[in-house]
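Subject: Handover of a structure for your attention

Dear colleague,

Please find the structure below, followed by a summary of what was found in it. I would be grateful if you would read the two side by side.

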Amino acid sequence: MGRGYIVEDSVEGYLSKMCEAGAGPVTGVLIGQSSGQRDFVVTATRTPQREESAGAAGSSLDKEWVTEHARQVSRMLPGGLSVLGVFIISDADPKDMLISLRQLVFAVENLISKDRLWAAADDDITDRIALHVNSKTRKAVCRSLDVRDPKSTAKPADWRYQSGVCSCWATVSCCLEVDLLLALPENRTSIESMEKCLKDGLKAWAHQVEDGVCLIDGKKLPADTELTAGQKRNVRQTFTAQLLLTPDGQRLADGAQQCGGSVSLRGAIHSRAYLHSNKPKVNLAEKLLKRDVVSTVAVRVQMLLEELLTEEEGKGNSKEKHWAEQLSLPRRVLCPVKGHGPVCVCDYQFSDEGLAEVTDRLKEMLDLDAAEQDLDTRQELAAEPADSSGPTEPSVETVQEPKRNTYTGVAMATAAALLATAASLLYLQDD
Amino acid sequence: MSDSSEPGTILRVRGPLEFKCQLDSTVGSHIQKVISRTFETLRSRVKSESLVFTVCDSPVVVWPNRGKQETLYASPEEITPNTLCKDLQQWIKTDEQESSSKKNAKSKSKKIPTASVINLHLMMEVTKPGPLPALTLNRTVQKHHFLRTTLPMDCVVHTTCNDTIGVACERLLEELLHQLCEMEKVSLQHMKGTTLQVPEPLHFLLPESKGLVTVVYPAGVPDSQLEAHRKELHQRFELPEDRPYFRRANVYRFPNETYRDGYLRNPHLAVTHPSLENGKLYLVQGIYSYHHYMQDRMDDNGWGCAYRSLQTICSWFQQQGYTERPVPTHKEIQQALVDVGDKQGSFVGSRQWIGSIEVQAVLNQLLSVTSKIMFVSQGSELASKGRELANHFITEGTPVMIGGGVLAHTILGVAWSETTGQIRYLILDPHYTGSEDLQVITDKGWCGWKGPDFWDQTAYYNLCLPQRPKTI
């Protein structure tokens with residue numbers, strides 16, 4: 001018995017449009033939510049053109065490029081949304097495309113799950129979509145692959161369009177404080193060492209989050225309670241979550257250790273997850289929200305480290321014995337997907353970037369046309385500008401503003417006074 | 001403190017608090033300053049509004065630092081600061097246990113009602129209404145020592161039937177703050193260089209209604225090195241200085257904490273005691289384990305009864321804190337006798353019986369415990385030993401091994417009337433070969449009261465009366 005995918009109407013239009021373009025095969029990813037009974041495909045986005053190969057041999061599929069795009073896309077998805085699979089639009093026979101699709105599906109899955117800090121759960125759905133659309137006939141042939149087993153056969157799956165798939169999806173969200181202090185090993189205070197340190201620290205923190213108690217709208221509910229029970233149907237609901245944590249003594253090493261330095265991660269993040277409207281349960285809300293909490297922090301740290309690693313050469317800090325630096329992590333900016341109910345995608349805005357860069361990335365990665373005023377910047381405050389009198393260590397450097405390199409390699413412009421804008425938007429919020 | 005007819009509710013909150021600090025130098029005074037500062041930070045955390053108590057096995061969550069007027073004090077909403085502690089029970093889900101509930105029901109109906117315990121977990125809420133300051137990463141490069149450990153907070157508050165949650169939580173908070181201060185003291189006192197001994201809170205039940213007292217000990221330091229601390233505690237609580245109350249073995253076992261080693265504790269508490277005209281009960285004090293035939297996969301049926309009685313006695317000394325040595329096996333008992341020259345080497349591994357004299361010798365050899373021997377030339381004389389046995393249970397309160405004829409038993413107490421001379425003996429029988437089923441053991445009299453006719457009237461008996469070492 002194959003899986004059944006319920007697909008937002010707009011996806012049909014989107015895929016059709018690309019059939020018309022007809023310039024060789026088009027690849028892309030499918031985004032949505034899997035549940036025990038059904039899977040919902042909410043949107044699709046094509047793989048962006050690679051600059052160097054624009055107009056060149058577009059007929060061969062660039063596996064690395066497709067998977068890297070998928071990885072970037074998955075970073076822009078709040079909880080409850082994930083990359084569900086890959087599509088290829090071409091005029092070739094679906095059977096011929098199957099090998100390519102299979103390769104892409106597995107490669108995408110492996111890359112995305114590599115950096116995950118949370119463990120897979122037993123009730124996670126491991127089927128992914130391999131969709132082929134014939135550019136001449138517009139016919140969509142959908143198959144599903146079980147990514148746990150590289151040798152599994154592609155099973156036929158149902159692909160059905162429907163309107164308003166996510167119009168009544170529920171949203172669970174919270175604002176959460178992070179406070180991690182980690183020791184850097186002696187004589188190894190490089191970025192790579194900091195990266196390993198942060199990864200271990202975040203992993204331990206992720207366990208704490210996983211084991212934490214989750215309250216929904218102030219209540220601790222049994223896991224299999226229906227979240228939307230007793231509510232009117234076809235009403236969009238929002239829930240506020242609270243997370244209670246306890247330090248897990250077993251996992252982190254006890255005692256005294258000699259260190260070369262320390263790394264701390266402090267501040268707050270906004271986390272949210274979307275839930276399908278087919279009687280979602282409390283344990284699903286808890287699972288998806290907790291995963292988003294962990295992902296959003298991990299992704300930002302990764303982004304910062306990626307930036308630091310590319311500009312490490314420029315630093316002369318390693319000559320000094322004692323120094324300190326404060327780096328701000330990018331803030332989460334949300335963007336509603338028009339016609340998709342409450343569903344938003346997100347991006348991370350570094351403090352030296354403007355909202356224009358965000359809309360550019362949304363267009364490039366998710367093929368989303370958004371204007372700056374559409375963006376929701378109220379959920380997280382932008383970082384404050386550097387204050388050299390801040391930390392009390394003997395020799396303090398001023399705040400570093402890592403330059404953000406976009407996906408296509410275009411250097412970012414330095415920020416305008418976006419902080420003022422963000423602050424004024426804050427005071428205008430109506431709740 | 002508590003009315004014995006209304007035992008009240010004990011609220012116990014436990015949870016780890018993370019202790020982290022950076023030491024820029026290893027100078028003693030600097031270390032002390034940093035440690036104190038870190039404890040101060042932890043005390044602020046305990047006073048913060050993010051502190052949460054969750055009631056185990058229930059949906060109840062309390063924010064004890066939130067203003068009493070606020071409706072956000074607890075979840076579910078029905079719970080307010082004015083809710084009575086005992087009313088919390090209705091929210092707690094209790095498991096159904098099959099066979100053990102029968103035993104518990106039987107023993108509960110015969111025991112004095114004990115206070116019920118509500119367990120709470122200490123947690124921190126990390127969510128807050130936003131927006132909040134953005135995420136920043138701070139990196140410092142500077143050689144230092146990084147000290148990290150987890151403090152196992154464990155606070156207890158005894159409430160009566162009229163106490164509200166508001167009052168109880170306030171007291172729990174006070175206890176938490178006080179415990180952090182105690183932990184700070186203990187940490188600083190026992191610190192060696194940059195090594196921190198984890199301060200561990202333990203609860204002790206003191207006699208004469210002094211109730212539960214919490215003491216913080218450094219985890220890695222053995223009892224033998226903490227005598228000065230114990231002495232100070234004995235003086236503070238006006239306890240006699242000849243018997244231990246504050247050794248780790250004396251830690252209070254909460255009603256819901258079961259023993260994991262499989263032995264029954266104090267089965268005599270489930271037995272109905274006789275009432276003699278003008279008679280009084282003189283029973284063993286403290287806790288012992290019931291050792292009997294066939295336990296520990298050792299088939300000693302027919303020869304091991306005195307060994308088992310000796311094991312019961314050793315278990316008493318261990319659980320009262322007089323020794324850390326675990327209960328000896330048959331072989332270890334035999335080896336001890338060889339070591340003191342009482343038996344030949346071939347004794348070890350044999351199935352030879354032992355008597356009271358051997359019991360006395362082993363207690364001396366393995367536990368440094370001395371014992372008095374009482375000799376009775378015929379069993380009928382035991383009826384006249386009421387006063388001596390009563391005195392033994394009053395002053396020493398240790399289980400007594402009695403051997404004679406072909407049998408050995410353990411005497412756990414006597415019921416004796418000074419005026420009529422009537423006497424009964426509370427016997428723990430090591431000849432039982434079944435499983436640790438309290439119902440069977442008490443129903444069938446394997447632990448039970450016997451009259452003077454229980455003894456072989458013509459045989460002679462030796463009793464070994466172990467004496468408590470005068471130590472704390």
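**The surroundings of S135(A)**

Apart from neighbours within four places in sequence, S135(A) is in contact with C19(A), I89(A), S90(A) and D91(A), contact meaning heavy atoms within 4.5 Å. The model is predicted, so local features need pLDDT of at least 70 and side-chain atom pairs count only at pLDDT 80 or more, whereas totals for chains, interfaces and linings use all residues. Residues are numbered from 1 along each chain as its sequence is written, chains are lettered from A and ligands numbered from 1 in the order in which they are written, and side-chain values use heavy atoms, with hydrogens and water left out.

S135(A) is placed in the loop between β5 (127-134) and β6 (140-146) of chain A; helices (H or I, at least four residues) and strands (E, at least two) are DSSP runs, numbered from the N terminus. With a relative accessible area of 18%, S135(A) is buried, where buried means under 20% relative accessible area, exposed over 50% and partly exposed in between (1.4 Å probe, protein chains only). A polar atom of the S135(A) side chain lies 3.2 Å from the backbone nitrogen of D91(A).

**The sheet of chain A**

Eight strands of chain A form an open sheet with mixed pairing, in the order β7-β6-β5-β4-β2-β3-β1-β8; two strands pair if DSSP finds at least two bridges between them. The edge strands are β7 (155-156) and β8 (158-162) of chain A, each of which pairs on one side only. Within the sheet, β2 (residues 26-34) and β4 (residues 82-90) of chain A pair in the antiparallel sense over seven bridges, and V29(A) stands opposite V86(A) in β4(A).

**The nonpolar cores**

A nonpolar core is a set of buried Ala, Val, Leu, Ile, Met, Phe, Trp, Tyr and Cys residues joined through side-chain atoms within 4.5 Å. The largest has 96 residues, and those touching the most other members are V172(A), L176(A), W205(A), L265(A), L362(A), L366(A) and L137(B). Helix α5 (residues 282-310) of chain A gives the most to this core, with 15 residues. Domain 1 (4-162) and domain 2 (170-419) of chain A both give residues to this core, so it lies between them; the domain bounds come from an automatic or database domain assignment. A second, separate core of 62 residues includes W316(B), L389(B), I427(B) and W455(B).

**Chain B**

Chain B has nine helices and 15 strands, and 52% of its 472 residues count as buried. Its C-alpha trace spans about 90 × 50 × 40 Å along the principal axes.

In helix α6 (residues 330-339) of chain B, the buried residues include H330(B), I333(B), Q334(B) and L337(B). Their cover includes α5 (305-319) and α7 (356-367) of chain B. After α6(B) comes G341(B), with a positive phi near 85°.

W449(B) is in strand β14 (residues 447-450) of chain B and is buried, with a relative accessible area of 16%. Leaving aside neighbours within four places in sequence, its contacts include V271(B), P274(B), L283(B), V414(B) and Y425(B). The side chains of W449(B) and H273(B) are joined by a polar contact of 2.9 Å, that is, a pair of N or O atoms within 3.5 Å; within protein, one must be able to donate a hydrogen and the other to accept it, and residues adjacent in sequence count only if both atoms are side-chain atoms.

Yours sincerely
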